Amino acid sequence: MSLIDLANPTRFLALSARVLPWLAAATAILLAVGLYLSAVAPDDYQQGATVKIMFIHVPNAWLSMFVWGVMSMASLGTLVWRHPLADVAAKAAAPIGAAFTFLALFTGSLWGRPMWGTYWEWDARLTSVLILFLMYLGLMALWRAVEDPSRAARAAAVLTLVGALNLPIIKFSVDWWNTLHQPASVMRMGGSTLDKSFLIPLLVMAVAFTLLFVTLHLAAMRNEILRRRVRSLQMMQASRVAFSSDMGTGSRQENASTGAA
Amino acid sequence: MTALSALIRRDIRIALRVGGGALIGVLFFLTVVVLMPFAVGPDLALLSRLGPAILWLGALLASLLTLDRLFMADHEDGSLDLITMSRTPLELACAAKALAHWLAAGLPLIVATPVLGLLLNLDMVATGAVALTLLAGTPALTFTGMIGAALAVTLHRGGLLMAVLVLPLSIPVLIFGVAASQAAIVGPMTFGAPFSILCALSLVSLVIGPFAAAASLKHGLD
Amino acid sequence: MQGKMQLSGRGLGCVRGGRQVFSGLDFEASSGEAVAVVGRNGSGKTSLLRLIAGLLVPAGGTIVLDGGDAEMTLPEQCHYLGHRDALKPALSVAENLSFWADFLGGERSDAAASLATVGLDHATHLPAGFLSAGQRRRLSLARLLTVRRPVWLLDEPTNALDAAGQEMFGHLMRQHLIRGGLIIAATHAPLGLEARELRIGGVA
């Protein structure tokens with residue numbers, strides 16, 4: 001199987017149909033293992049049981065950035081090779097990325113609640129993720145606002161790549177803004193010295209969530225391809241005039257079908 | 001009545017279907033509110049003091065900026081001609097369009113308010129007060145903004161010109177909206193007085209807006 | 001439909017953008033009659049139709065409809081088919097048509113049958129945005145059929161229609177005239193039916 005074969009939407013549909021069940025099964029198993037390991041992991045001496053939110057939070061935060069990376073690759077595919085499958089990949093990834101980012105924010109604020117006493121603190125990390133979330137939503141709005149998918153794809157691809165270049169700058173500025181106002185960071189999460197009893201469940205969860213993304217992404221891409229086929233079938237149907245009334249002529253039908261081709 | 005309800009249903013359906021027009025308003029609201037702390041700093045005490053004002057400003061901008069195509073789209077595709085010719089008085093048709101716009105674009109802003117209140121460290125009472133004042137005040141914004149939307153059709157210009165025309169008209173709503181929310185949170189005024197004035201402003205604009213919009217549409221016919 | 005109707009204009013004048021388009025224009029049309037408004041570009045054909053539709057205010061003169069529904073104004077008894085089709089691309093063909101039927105009100109006939117007549121019955125559930133220019137025009141013709149109005153004001157009605165479509169439309173107009181309606185059409189192309197000619201703005 002070469003990359004060229006995969007790039008054909010029909011081949012992609014056939015292959016992904018075969019791969020998806022295995023992927024889904026692997027995801028389920030890994031998630032189950034990861035959740036078990038997280039459940040039996042010891043409590044933190046400072047944070048108590050709340051540290052376990054980390055096992056959900058960190059993989060989501062990792063994916064929120066990873067998905068943007070995937071979209072950037074797909075955008076390169078759109079702009080450089082003008083490949084329709086790349087458009088599909090980029091479009092399908094955006095809502096999933098937004099969902100992971102939302103979960104990262106949600107779990108982050110749940111984690112912050114006992115730490116800060118409020119659900120939201122303008123902490124540098126959380127704030128950066130919030131901006132990332134806004135960018136995902138903007139991208140989704142762009143996809144929805146433009147009717148023609150291939151035109152939307154190019155606009156979204158440019159925006160995605162600009163976003164990818166801008167994200168480090170945004171991250172840096174937010175860090176700077178935050179330290180300017182708040183010399184000491186309230187919470188240090190992760191850190192370099194993570195105990196092995198935390199590290200292993202975290203890694204398993206990270207892999208499980210990444211697999212979850214791949215599974216969801218493949219499924220969403222299939223849906224998007226099918227949605228586009230429905231759309232083009234509808235357009236063909238609209239132009240295939242069955243001029244049924246009494247003064248109908250056959251020539252109209254032929255004209256219409258050549259016009260649509 | 002069927003004519004008006006048909007118009008309302010059509011406009012809501014289009015707003016929900018095309019490019020998530022209504023949801024872009026919410027996204028704009030969210031973005032404006034998120035920008036504020038970068039300007040004033042992440043001090044939660046300060047943010048919660050400014051919270052109602054920030055939320056009101058965001059909601060005001062979001063509800064007015066989504067308005068500029070209220071009549072423009074109908075004008076461009078010729079629907080406005082048919083609406084003008086029909087038996088339904090143009091004033092009522094304008095009111096129906098504004099109501100549809102408020103339902104599709106104004107209500108989601110109010111629904112989003114609690115989430116944004118969380119970001120600004122507002123407590124339950126404060127969030128509730130802001131949401132309630134927005135519920136009472138955003139109809140006034142929509143119905144006065146409608147006048148600007150009608151002028152945009154007449155003048156063949158939308159966008160910033162409309163904002164410049166309409167934003168000054170919305171100052172009273174902003175004053176009493178923020179005053180009522182602040183009264184509920186810190187006092188010393190009672191909540192009732194500014195809130196009643198806010199409701200009165202909404203009711204007045206419900207009457208004036210459709211007539212002014214219809215008048216400017218009729219004059220702009222060509 | 002009502003009894004004998006007569007639509008007449010006397011001494012009509014139209015000023016647009018400070019320029020006098022026409023003045024002292026008289027016309028007359030009665031039930032069962034079609035008037036083809038002809039003239040070169042800029043002679044005011046569209047303006048005349050919009051004057052009758054109440055979408056422009058005349059600079060002088062009067063327009064009277066005798067014998068119509070006394071409770072309705074002239075514009076309320078007109079169908080205006082302008083250059084633009086008054087369709088929403090996001091709504092389906094059926095939704096577009098049923099909206100106008102509900103909004104315009106009054107006596108109406110079956111929407112599905114009208115769609116079949118104009119040759120769009122295969123596309124009722126599709127978004128109007130997928131239609132070609134000619135099909136959009138057919139959909140606005142379906143509006144004229146679904147909602148009954150005695151006076152049809154048509155601005156270049158056969159634009160974008162193919163030969164079969166023009167033939168179909170000629171048939172529809174003849175039926176409308178037989179039922180006692182009247183038609184005023186601005187046109188460059190032949191309408192495809194017997195029509196009195198109203199020439200404005202000098203020689204074409």
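How many residues does helix α7 of chain B have, and how far does α7(B) reach from its first C-alpha to its last? I looked this up first and found that α7(B), residues 124–155, has 32 residues and reaches 45 Å, close to the 46 Å expected at 1.5 Å a residue; the expected span is 1.5 Å times one less than the number of residues in the helix.

Before going on, I note that this is a predicted model, in which local features need pLDDT of at least 70 and side-chain atom pairs count only at pLDDT 80 or more, while totals for chains, interfaces and linings use all residues. Residues are numbered from 1 along each chain as its sequence is written, and chains are lettered from A and ligands numbered from 1 in the order in which they are written.

**Chain B, overall.** I counted elements as DSSP runs numbered from the N terminus, with helices being H or I of at least four residues and strands E of at least two. On that basis chain B comes to ten helices and zero strands. I then checked its dimensions: the C-alpha atoms fill a box of roughly 55 × 35 × 30 Å along the principal axes.

For burial I call a residue buried if 20 or more other C-beta atoms lie within 10 Å of its own, exposed if 12 or fewer, and partly exposed in between, with C-beta atoms placed from the backbone. Buried residues make up 53% of the 222 residues in chain B.

**Helices of chain B.** Returning to α7(B), I find it mostly covered, with 25 of its 32 residues buried. The helix bends by about 35° at A136(B), and P139(B), a proline, follows within four residues; the bend is the angle between axes fitted to the seven residues ending at a position and the seven starting there. Just after α7(B), H156(B) takes a positive phi of about 60°.

I next looked at α1(B), residues 2–17, whose buried residues are A6(B), L7(B), R10(B), D11(B) and A15(B). They cover an arc of only 160° around the axis, so they sit on the same side of α1(B); the arc is that of the directions from the helix axis to the C-beta atoms.

L161(B) lies in α8(B), residues 160–166, and is partly exposed because it has 14 C-beta neighbours inside 10 Å.

**Where chain C meets chain B.** Taking two residues as in contact if their C-beta atoms, placed from the backbone, lie within 7 Å, I find 23 residues of chain C in contact with 20 residues of chain B. The elements giving two or more residues to this side of chain C are β5 (78–81) and α2 (93–104), and α2(C) gives the most, with four residues.

Which residues have a positive phi although they are not glycine? I noted E156(C), at about 45°, and A160(C), near 70°. Most residues other than glycine have a negative phi. E156(C) lies in the loop between β6 (151–155) and α5 (163–178) of chain C, and A160(C) has its place in the loop between β6 and α5. E156(C) counts as partly exposed, with 18 C-beta neighbours inside 10 Å, and A160(C) is partly exposed with 16 other C-beta atoms within 10 Å.
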